[in-house]
Structures are given as C-alpha cells and as structure tokens.
Amino acid sequence: MHTAIRFHPPSYDIRVEQIPAPKICDPDDAIVKVQFAGLCGSDLHVYRGHEAVDQIHTCGHEFIGEIVELGSNFDENALNDRPRLYSTLKVGHKVVSPFTINCGECQFCRLGITCRCLQSKLFGSPSLEGAQAQYVRVPMAGGTLFNLSDPALEEKYANLSSITDSSLLFLGDILPTGLFAAVQALHHPKLLPAILGTPWPDHLVEANPSSAIQSDDTILTFAVIGLGPVGVCTVIALLDQLAKKQLRYRIVGIDLLQSRREKMTSIYEMVNRAENYTLGTFVAQGVDEAKVTVQEWTSGVGCNAVLEIVGHNSALALAYDLVRPFGVISSVGVHGERPFPLTGGNLYDKNVSLDFGRCPARSMLPMAFDLLVKRQDVFGGVGGESSLVDRIVGFEQAVDLYSAFDKGEVGKILFDPWKQ
C-alpha cells in the first residue's frame with residue numbers, strides 16, 4: 001500500500017487515501033519513488049469539474065523521483081533502435097518525467113512532436129494514475145523519462161550539484177510549456193518582417209533591411225496573459241530568447257490578481273539586475289491598464305504576438321483584442337469543452353494565426369534544462385519574494401491547499417509524499 005492524493009467526482013473533492021502501490025505491468029514500465037510532486041494550474045480544471053471526469057483517480061502530472069524497479073526490457077543489451085534509456089537507465093537513478101507518456105518510437109516522437117505520441121496518456125487522469133503519491137508507474141519509461149543521473153549532464157553543467165531538487169520538478173511541465181509558448185511565438189513566420197526589417201514577402205528571399213521600414217516597426221510587442229507559475233516561466237523564457245537574438249521589445253504581463261503581478265514584477269527586477277536588459281521594457285498590469293498600455297505603445301496597432309497561458313475563453317478573447325492584424329496568438333492554456341469564443345470570421349478579419357495546444361514537453365526538456373540552470377535565482381528558491389515555489393508541504397495539507405490554490409491565495413505548491 002501507499003499514500004496518494006485522489007480526486008473524487010464530480011468536483012471539489014480531494015482526499016488523501018491509502019491504495020495499492022503500483023506494480024510493473026509491462027516490460028517497458030518503471031516504478032518511481034516520488035520525491036516531489038507539483039500542484040499545477042491545469043489540475044484545477046478537473047478539481048472544478050470543468051472536464052467530464054467521472055472516475056476516481058490519483059492526481060498530479062509533475063514529479064521527480066528515484067527509479068526503484070524496472071521492467072524486463074531495460075537491459076544493457078537492449079536493441080539499438082529503441083530509445084537510449086532502455087539500455088542505460090538503472091535502479092537508483094534520479095529522473096524527471098514530462099506530464100504525458102511518449103513511446104519515443106512513433107513518427108510524432110521521432111519528429112520531436114512528443115505531445116502527440118500515438119500512445120500518449122496524461123498522468124493524473126482516468127487513463128493513467130497520477131504522481132501525487134508515494135510511488136508512480138511510468139509506462140513506456142524509456143521514451144518518457146529524462147535521466148537526471150546521466151553523466152553527460154555533469155560534463156555539460158559545471159554547477160549541476162547546486163541545482164535544487166525542487167526546481168528540477170519544473171522540467172516536467174511548467175518550464176517546457178512556458179518556453180514552448182515563447183519559442184512558438186517568436187519563431188512564427190509572421191514576426192519575421194519585424195525581426196529582419198524586411199517587408200512581407202521580400203523577407204522570404206532576402207533579409208536585407210529596407211529603408212521603408214521605420215525604427216518603431218522593428219520593436220516587437222508582446223502580451224503574456226496569465227502570471228501564474230507557467231506565466232512566470234513564459235516571461236523568463238521570452239526575455240531570455242529576446243536577449244539571445246538581440247531584439248528590441250516591449251512586454252506586458254497581465255493577470256487579474258495583484259499578488260501575481262507583484263511577484264512577477266519582483267522576479268523581473270531581480271533578473272534584470274543580473275542580466276541588465278537594455279533592449280526593452282516589461283510591466284505587469286491588470287486587464288484594463290494593459291489595454292491602455294498596448295494602445296499607447298503601438299499607437300493602437302496591437303501586439304505582434306499574444307501568449308495565452310490561462311486556458312479560459314475570457315483570456316482567449318482578450319488575446320484577440322490585443323493582437324494586431326497579421327499577428328500571432330500562441331495559446332498553451334488547457335481549454336475544455338466550452339464553446340470556442342472566436343469564429344473563422346474573427347481570425348480572417350485580422351489575419352490572425354492561432355497556435356493552439358499542448359507542449360511537446362519531452363522534446364523541450366534539454367532547452368528547458370539550460371534555462372533552469374541559468375535561472376536558479378528564480379527557480380531555485382522556496383518561499384521568497386522572488387521564488388516561484390511558495391512552499392513544500394506534506395500530503396496532510398493537500399485538501400486545504402487545493403482549495404487555497406483554486407482561490408489564488410497561494411502560488412506554486414510542491415508535495416513531499418514522505419513529509420510527516
């Protein structure tokens with residue numbers, strides 16, 4: 001038996017229960033002893049009853065831990081055409097998992113689109129027991145897990161030993177997702193004329209700046225809607241990407257909660273002191289103030305790209321209001337079955353490109369790891385003014401903290417299944 005946090009339908013019913021411990025069911029399985037499990041904003045969709053979930057199940061899709069058992073397909077002599085972990089993963093290795101399982105072998109996985117693996121399942125759903133538990137079973141573990149005990153990481157990162165275990169959990173969902181939202185927007189072809197200073201469609205054949213392009217035309221304006229944990233990761237990732245490319249920018253982060261806006265401002269100020277960003281500006285504001293800011297920044301034109309992190313129709317409608325004609329909406333928020341707030345006519349009338357859906361977290365992990373190591377000032381702490389994690393607690397506080405997280409009274413929460 002082991003202890004787990006369980007959701008009981010239809011809504012707002014979380015219980016800490018003793019249930020049978022997971023066992024190896026398939027030769028590709030691994031059993032992980034959970035060190036930390038996260039409480040994520042997308043957990044609230046089920047908690048609130050917004051998704052049609054009618055089955056009791058263990059919650060949670062973010063975790064790090066230690067391998068305690070492996071299926072028979074894990075062997076030093078595993079077939080060479082299988083994912084590498086089948087021949088290198090050992091009992092005792094520390095691992096982090098993306099929030100979905102992926103085979104690593106289908107066409108989508110081979111192309112890096114791991115979020116659409118043909119055998120994908122989501123941890124913490126009726127189809128796959130979650131990780132807010134003392135142990136979790138990981139199917140297709142050789143294609144899913146990321147080995148934190150890989151000697152190659154020690155060779156690449158001289159300061160690897162200083163990376164906090166609590167921050168490593170972010171690699172499973174929120175950091176790859178925030179990075180994906182930023183990269184997906186910044187690399188969209190509709191932003192290239194402003195980035196290159198070359199008019200459409202001339203930029204497709206040459207990247208020579210045009211004298212017709214004015215200075216303001218090449219300042220990229222972004223809005224990030226939602227400044228919860230994923231939103232914070234999105235802003236940090238976007239700033240990092242813009243600095244690497246030496247692009248001028250303006251970013252407005254938007255959230256209804258003042259506490260989130262204050263935390264994001266504190267984090268930005270800390271990062272800015274470390275990096276001395278000189279090519280742009282960032283502000284965190286409420287909805288109405290942000291609309292005025294975008295209006296003033298762009299003379300009424302709108303944002304080049306809007307990154308929608310919330311997963312709610314009102315956020316998507318706001319994204320449409322803020323984006324300029326021929327702009328981009330990069331949406332990574334989890335949207336349910338509610339009627340879609342936009343029409344084909346809306347998108348046509350503004351030539352808006354809408355990139356929508358789940359992050360390919362397993363493929364994004366190496367990029368995310370780079371950012372995690374670089375930004376331990378943000379990700380490494382717990383409970384500080386500029387820390388992404390508010391607190392680490394035992395399971396006995398799960399019921400109260402689900403409720404507090406739902407009401408926006410606390411930030412990122414990590415569960416320690418072994419804490420008494």
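Predicted model: local features only at pLDDT ≥ 70, side-chain atom pairs only at ≥ 80, totals over all residues.
## F222 and the cores

Setting aside residues within four places in sequence, F222 is in contact with L186, L191, L238, L242, R250, I251, V252, C303, A305 and L307.

The largest nonpolar core has 69 residues. Within that core, L171, F222, L307 and F369 touch the most other members.

## E66 on strand β5

E66 sits in strand β5, which covers residues 63-70. Its relative accessible area is 37%, so E66 is partly exposed. Beyond four places in sequence, E66 touches I31, V32, K33, G92 and H93.

E66 and Y86 are 20 residues apart in sequence. Their C-alpha atoms are 16 Å apart in space.

## S266 on helix α10

Helix α10 spans residues 258-275 and contains S266. Is S266 buried or exposed? S266 counts as buried, because its relative accessibility is 10% and the cut-off for buried is under 20%. Not counting residues up to four places away in sequence, S266 touches E385 and S386.

## A nonpolar surface patch

F108 belongs to helix α3, residues 107-110. F108 is partly exposed, with a relative accessible area of 32%.

F108 forms a nonpolar patch on the surface with L111, I113 and L118. Together the four residues have about 400 Å² of accessible area.

Methods
Residues numbered from 1 in each chain as written. Heavy atoms only, no water. Patch = residues over 30% accessible without salt bridge, like charges linked within 9 Å, V, L, I, M, F, W, Y side chains within 5 Å. Areas by Shrake-Rupley, 256 points an atom, 1.4 Å probe, with all protein chains shown as cover. Salt bridge = Lys/Arg side-chain N within 4 Å of Asp/Glu carboxyl O. Helix = DSSP H or I, 4+ residues; strand = E, 2+ residues; numbered from the N terminus. Buried < 20%, exposed > 50% of the residue type's maximum accessible area, 1.4 Å probe, protein only. Core = buried A, V, L, I, M, F, W, Y, C linked by side-chain atoms within 4.5 Å. Contact = heavy atoms within 4.5 Å.
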